[in-house]
Structure formats: C-alpha cells, structure tokens
Amino acid sequence: MKLVKRFGSLLLALVMLVGLCACTGSGTAAPSTDNTQQSTQSSTGTGSNVAAPSTSDSNEPTANQPAAETDDKKGGDLVIIDTAEVTHIAWYQLQSFNDRFQFSLTAYEMLFHYDNQGGVVPFLAEGYVPDPENRTYTITLRKGIKFHDGSELNADSAVWTLQNYKELGIKSAAFFSNVESIEKTGDYEFVIHLSQWDATIPYSLARECGIMVSKEAANGDPNWYLENVCGTGPFKLDSWERDVSKTFVRFDDYWQGTPNLDSVTVKIYGDTTVAAGDLELGNAQVLYCTDYKLVDELTAEGMIACLGMPSQIALLNFNCTDEEYNGVVNPFYDVRVRQAVCYGIDKEGLLNGVYSNYGMVTNQFAPQGSVFYSEDVKGYPYDPVKAKELLSEAGYPNGFETTCIVRNDVMQVKCVTAIQDMMKEIGIDMKVDVQETGDFSANLSGWHTGLFFHTSSLPIDVTTQMSSMFKQGLSGIVLGLTSLLRPDNLNDAIVAACSSTTPEDAAANIRKAQGIMIDEICDLDPIVTVYQPIIKSAKLHDDGLNAVEYTTATLWKAWLEK
C-alpha cells in the first residue's frame with residue numbers, strides 16, 4: 001500500500017519547570033542546576049540509565065542546516081515499537097497517544113514546538129505577533145519548506161489547513177472555539193482573528209491543531225487525508241500493514257537537511273515482554289514502554305530511559321449526571337459517595353506499587369510544583385474510616401456494586417485492579433470492565449457504569465488542556481461530555497484563564513478552577529501524574545526523543561552505530 005505523505009512565549013511564566021529529560025550517550029541521571037526552578041517533588045524509578053536533564057538553551061531549528069557531519073552516520077533503518085495501532089491518519093482526526101506519537105515523529109510537523117523551558121517557540125513558523133487589543137495573531141512562515149509531494153509550505157496551504165481543522169478537527173471545539181477567521185496577508189504571512197482574546201492559541205498550534213499538510217496533494221479535498229499522509233516531516237509514509245508495521249522513508253528535500261537514516265519503521269506489539277526481547281536482541285532501537293517495572297529491567301541491562309516530563313495524569317471519573325439509569329439509582333449522583341471513593345484510594349501505594357515511582361501523587365489536574373497547582377485545594381487524603389462514614393451518611397452503610405471501565409493497557413488495568421481492592425476495604429464491590437481501544441473511545445464521552453478510568457495528557461500549559469476538557473459548550477470526543485459536571489463557576493474560571501492577558505492572571509484562574517473541580521463538585525479524582533518513558537538502545541544517537549515531550553524529536557539528525 002503506497003501513500004504520499006520571535007516572538008517569545010506569551011505564557012512562559014506559567015510553566016512548571018519539572019525535570020525535562022533529554023537522551024544522552026552516558027545514560028546517567030543529573031540534577032537540575034537551575035536554582036530558579038520550583039521543586040518537582042517527583043520520584044523516578046531505580047534504573048541507572050535514566051536520561052539526563054536537557055541543558056540546551058533552545059530547540060529552535062535553522063532552515064536547511066546540515067543533518068550530518070560525516071558519512072559514517074548515514075544509512076540504516078530505525079525500528080520503533082509502539083503498543084497499539086493508530087486510530088486515525090488524517091491530521092484533523094489525530095487524538096490518541098499512538099496517533100500523535102507515530103505520525104508527529106516522522107511525517108507531520110507543527111507550526112510551533114514546546115521548548116525546554118516549557119514555553120512555545122516557532123518551528124514551521126518563523127515568528128508570531130500577538131495583539132490582545134485587536135484580538136489577532138499574525139504568523140510568519142519559514143521560507144523554503146516543502147511538503148512530501150514537492151509543493152511549498154506557504155500562506156495558502158497554512159490557511160487552508162487551519163480552516164479545515166476549524167471545520168473538521170476532532171478537537172476544534174476545544175482549541176479553536178475562539179477562532180473567528182484566518183486571513184492570508186502575504187505569501188508567507190497570515191492572521192488569525194479571534195472572537196475574544198485567547199492566550200492559548202500558540203500552545204494549541206504546538207499540538208495536532210498546528211500540523212501543516214499539503215493542499216495541492218489533496219487537490220483541496222481534506223477527505224483525501226483519510227487515507228493518505230503528506231506533511232513536512234523528515235520521513236514520508238511508504239508502506240503500511242495495519243496492526244503489524246508501517247514504514248516511513250527518508251525525505252531527501254527535508255527543510256532541515258537530508259536525514260541520516262534511510263527509513264523509520266514502526267512496529268506494533270501488543271505484548272511488551274516480546275517487544276522488550278526484540279529491543280534486547282537489537283531488532284529494534286526504540287520502545288514506547290507502558291510497563292514501569294520493565295523500564296527498570298531494561299535500563300539495568302544498558303538501555304536508556306528517556307522520561308521527558310510527567311506528561312500524563314491518571315483520572316478516576318464519576319458519572320455525576322444520571323440520577324438513575326434504566327431504573328437503577330446511581331450512587332455517584334451524590335457528591336458524598338464520590339468523596340468517599342476518593343478518601344478510599346491510597347495514592348502513594350499506587351505510585352509505588354503500580355507506577356514504580358515514575359511520577360508523583362497529585363490531588364488536582366496539575367502536578368505539584370506547577371504554577372497551576374493550588375495549595376488551597378484540600379483534596380481527599382487516604383482515610384478509609386472517613387470514606388465509610390460518608391457512605392453511611394449517603395445511605396450506603398453496606399456499600400453497593402458498581403463497575404469501572406478501563407482501556408486494555410497494562411498499567412491502567414493494574415491501577416484499576418489495585419483500586420478495586422481498595423474499594424473492597426470500604427465496602428464497594430467494583431467490577432472491572434476492560435475494553436479495547438475502540439469500545440473504550442466510544443464510551444469516553446459518556447458512560448452509565450458509575451466509574452471510568454482514563455489516563456489523560458497533561459501538557460505544559462494546563463490552561464489549554466482544561467479548556468479542551470472541562471469548560472461548557474464542548475462537542476465531539478471529550479472526556480465525560482455527558483457524565484462530568486461543568487457548572488457555571490468552573491466554566492467562568494477556565495474562560496477567564498484563556499482570555500487573560502497576563503500569565504499571573506491565567507494561572508490564578510486555573511487555580512480557582514482546581515478548587516471548584518475537586519473540593520466543590522468532586523466529579524473526578526486525579527490519582528498520579530506520570531512519565532511516558534521511551535526506552536532506547538545506547539546505539540541510537542542525536543534522536544531528541546522525549547527531550548521535551550513525546551510528540552517531538554530530532555529524528556532527521558538521528559544515526560545508528562554500525
């Protein structure tokens with residue numbers, strides 16, 4: 001099957017500076033030397049080959065820079081093992097980790113990237129000018145960038161791509177709700193007009209919303225991308241056997257220089273033990289690893305763990321909106337029952353026993369140490385006695401039966417199974433419904449089982465993510481769209497954060513939203529924020545994997561020891 005495929009950050013001060021880890025040849029851990037950083041209060045696993053924190057001042061690219069210094073770096077096929085097949089291929093439908101991981105490392109690139117200080121920097125864009133007074137962003141593109149079909153990235157293709165994302169994007173309502181229009185103002189310049197000021201737009205354009213694709217390859221039909229890929233990345237999709245592998249070949253006209261590697265092959269392994277065996281045998285060089293105990297084992301054998309930053313958050317979500325369903329009363333309609341469950345969860349035990357300390361406990365939708373983290377949130381520390389008292393007050397002295405949906409992922413199932421045992425201790429008989437990705441995704445926007453366990457992305461800018469998940473008026477595939485509460489005061493706080501003109505105001509409004517979501521309505525319980533480890537062979541160099549976060553790397557510079 002053949003397919004084609006400076007202006008500084010406005011919100012820089014909003015960022016939590018937590019252990020940004022880049023892969024280094026030594027594979028040894030090193031402490032941060034930035035005395036201005038807040039304490040991460042994080043704990044990582046015991047593997048000795050944890051990648052050292054990045055000390056690079058910038059990851060801003062230079063157009064047409066040479067990718068290699070000597071010919072001995074040229075050639076070779078990089079093999080990456082992922083845990084699941086992608087759900088979508090079109091840029092405006094990318095959603096899952098696997099979608100973004102596989103395509104963003106190879107074929108697709110964004111207008112902006114996150115830098116190693118947690119802000120956003122232009123990438124395919126050359127620069128941008130925010131204008132809060134006139135509610136506009138003026139964006140200038142780099143010249144000389146080609147798509148895989150040979151056409152040029154210019155204002156026409158950029159405006160077409162963004163307009164189609166606004167109309168068709170699976171997360172358009174979340175990230176582009178304030179985008180009123182997009183206007184070409186020059187061959188390489190365009191303006192985004194907003195209905196109200198939105199300080200999160202640059203952050204959105206550093207996500208899948210900012211991917212650039214060829215208008216010419218599709219002949220102006222975005223549906224062409226339902227079966228084809230044509231981006232600006234260093235590798236273009238060449239062949240694909242679904243649920244087995246896909247191969248991306250070198251794009252010789254890549255704007256940052258011809259890549260060293262001949263190709264990148266992504267293999268799909270459902271069994272992480274088998275995947276680890278291939279890595280040890282040298283049949284693969286990169287493994288996205290969801291089993292944290294396996295991370296320790298592999299690093300002990302000489303592999304390198306690229307941790308990035310804690311970029312996921314495990315959430316136990318309640319059905320808060322059904323007073324009853326099919327004639328059966330929903331216990332979680334009562335906030336006291338939701339609070340009881342929260343008090344019944346030993347988060348420290350989960351962090352140690354399930355996640356091997358690759359993360360940190362949290363009581364809100366932000367990591368400790370972040371400017372978005374509110375010290376005023378009380379949360380629900382582990383107290384099974386208090387949990388039983390609340391259940392009795394709510395009319396359930398003998399507990400009740402319920403079900404928790406979880407995706408068929410080794411770590412998520414382990415976590416929910418451990419929570420199941422904790423629920424027994426407070427009298428709740430919780431059955432575990434393990435679902436494959438398709439069924440799980442179909443239930444993500446609304447469930448009637450009582451509980452839904454989900455590991456969500458936790459990007460640098462918490463404002464952007466909370467806006468895409470918890471405010472009113474969202475549509476499409478959104479966590480708990482019909483099951484979680486979205487009261488006016490929560491919505492107002494999130495909207496105020498998005499429209500803030502200073503980082504301090506934005507962070508203050510998000511901290512207010514944290515208190516409403518956790519202490520007032522308790523419609524979900526954040527468990528832990530965790531890393532997304534990428535394990536790599538010590539023979540792979542200059543790859544940039546997880547240097548900042550998992551969707552960006554420097555695979556055009558990567559090379560393999562012969």
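Reader: Which residues does Val191 touch, leaving aside residues up to four places away in sequence?

Author: In this predicted model, Val191 touches Thr136, Tyr137, Thr138, Ser181, Ile182, Glu183 and Thr185, when residues up to four places away in sequence are not counted. Val191 itself belongs to strand 7, which covers residues 189–194.

Reader: Is Val191 buried or exposed?

Author: The relative accessibility of Val191 is 9%, and Val191 therefore counts as buried, since buried means under 20% relative accessible area.

Reader: How should I read a helix, and which residues of helix 10 are buried?

Author: As a general idea, an α-helix has 3.6 residues a turn, so residues three or four places apart point the same way. In helix 10, the buried residues are Met411, Gln412, Val413, Cys415, Val416, Ile419, Gln420, Met422 and Met423. These buried residues pack against helix 6 (292–300), helix 7 (335–343) and helix 8 (347–353), and also against strand 17 (400–407), strand 18 (428–435) and strand 19 (450–457).

Reader: What span should the 16 residues of helix 10 have?

Author: At 1.5 Å a residue, helix 10 (residues 410–425) should span 22 Å, and this agrees with the 24 Å between its end C-alpha atoms.

Reader: What is found at the N-terminal end of helix 10, and what comes just after the helix?

Author: The N-terminal end is capped by Asp409, which has a side-chain oxygen 3.1 Å from the backbone nitrogen of Met411. Just after helix 10 comes Gly427, with a positive phi of about 95°.

Reader: How many helices and strands does the protein chain have, and what part of its residues counts as buried?

Author: The protein chain has 14 helices and 23 strands, and 61% of its 562 residues count as buried. The chain exposes about 20,500 Å², of which carbon and sulfur atoms supply 46%.

How values were computed
Residues are numbered from 1 along each chain as its sequence is written. This is a predicted model: local features need pLDDT of at least 70, side-chain atom pairs count only at pLDDT 80 or more; totals for chains, interfaces and linings use all residues. Side-chain values use heavy atoms; hydrogens and water are left out. Helices (H or I, at least four residues) and strands (E, at least two) are DSSP runs, numbered from the N terminus. Buried means under 20% relative accessible area, exposed over 50%, partly exposed in between (1.4 Å probe, protein chains only). Contact means heavy atoms within 4.5 Å. The expected span of a helix is 1.5 Å times one less than its number of residues. A polar contact is a pair of N or O atoms within 3.5 Å; within protein, one must be able to donate a hydrogen and the other to accept it, and residues adjacent in sequence count only if both atoms are side-chain atoms. Accessible areas come from the Shrake-Rupley method with a 1.4 Å probe; for residues, only the protein chains shown count as cover.
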